[in-house]
Amino acid sequence: NNTTSPDNGLAGEVVIEYEEPPEAPDLVSATGGERQVDVSWTNDPDGYDSVEVYRETMSGGQDTADYTLVATLGGAAESYSDTSLLDGEAYFYRVRGVAAGNSTDLSMEASDITALPAPTDLSHPSTDDESAAYAWTATHNNGETRVEYRRAGGGDDWTTHETVARDVESATVDGLLNGEQY
């Protein structure tokens, strides 16, 4: 300022200093497994006091209001295992760092789908001229079970007989041809 001050002849100077906030973490990957997704990222070299992990089931969120905060971790953390998730579902993640009370922008989004385990212990308790009964152990916590069949030697074409709730563990396939192997 070029104005003069009555006290010393020159105007005073104001200096404002601030620390530049750290960069947002670089979200590296989200890898789905059985009922969990493992998320990893790279931190700003200047570090954070904490890291926040956000999750959603739809892509495209722009800010924290579009996501659910699922974890607040120590500032050096560069991975998180999000557990107790539903089988066969897509999950979308973003992370951000917090340093000196200031939050970084959210990272880019990463996503993956949790595994959908197949039913186990398939058994064939009975058969008659035109039907066959089947039983299994349901192992998934989400979705449905599709009951399919095909004729032996019939190539890769499977026919869906029915789709049942995830907790149903048996079905009878009818309309089969007597003497055919399925």
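Predicted model: local features only at pLDDT ≥ 70, side-chain atom pairs only at ≥ 80, totals over all residues.
Trainee: What makes a group of residues a nonpolar core?

Mentor: The members must be buried, of a listed nonpolar type, and joined through side-chain atoms within 4.5 Å. The largest such core here has 15 residues. Leu27, Val37, Val39, Trp41, Val53, Tyr93 and Val95 touch the most other members. Strand 1 (26-33), strand 2 (36-42), strand 3 (50-56) and strand 6 (90-99) each supply at least two residues of this core. A second, separate core has seven residues, including Ala132, Trp136, Val164 and Ala171.

Trainee: What is valine 39 in contact with, beyond its neighbours within four places in sequence?

Mentor: Leu27, Ser29, Ala30, Glu78, Ser79, Tyr80 and Tyr93.

Trainee: Why is the pair of tyrosine 149 and tyrosine 182 called edge-to-face?

Mentor: Check the distance, then the angle. The ring centres lie 6.0 Å apart, and the pairing limit is 6.5 Å. The planes stand at 65°, and edge-to-face needs over 60 degrees, so the label holds. The count comes to one aromatic pair.

Trainee: Which parts of the chain does this pair tie together?

Mentor: Tyrosine 149 lies in strand 11 (residues 144-149). Tyrosine 182 lies in the segment after strand 13 (170-174). The pair therefore links parts 33 residues apart in sequence.

Trainee: What makes the phi of alanine 100 worth a remark?

Mentor: Most residues other than glycine have a negative phi. Alanine 100 has a positive phi of about 50° and is not a glycine. Alanine 100 sits in the loop between strand 6 and strand 7 (102-103). Its relative accessibility is 67%, so alanine 100 counts as exposed.

Trainee: Where is aspartate 121 found, and is it buried or exposed?

Mentor: Aspartate 121 is in strand 9 (residues 120-127). Its phi is near 55°, a positive value in a residue other than glycine. Its relative accessible area is 56%, so aspartate 121 is exposed.

Trainee: How do you know that strand 9 and strand 10 pair?

Mentor: Pairing takes at least two bridges. Strand 9 and strand 10 (residues 131-137) have four, in the antiparallel sense. Serine 126, for one, has alanine 133 of strand 10 as its bridge partner.

Trainee: Why are strand 9 and strand 13 called edges?

Mentor: The open sheet has three strands in the order 9-10-13, with antiparallel pairing. Strand 9 and strand 13 each have a single partner strand, so one side of each lacks a neighbour in the sheet. Neighbouring strands of this sheet are turned by 25° against each other on average, direction ignored.

Definitions and conventions: Residues numbered from 1 in each chain as written. Heavy atoms only, no water. Buried < 20%, exposed > 50% of the residue type's maximum accessible area, 1.4 Å probe, protein only. Contact = heavy atoms within 4.5 Å. Phe/Tyr/Trp six-rings, centres within 6.5 Å; stacked < 30°, edge-to-face > 60°. Axes fitted to C-alpha atoms, helices over the stretch in contact; angles between N-to-C directions.
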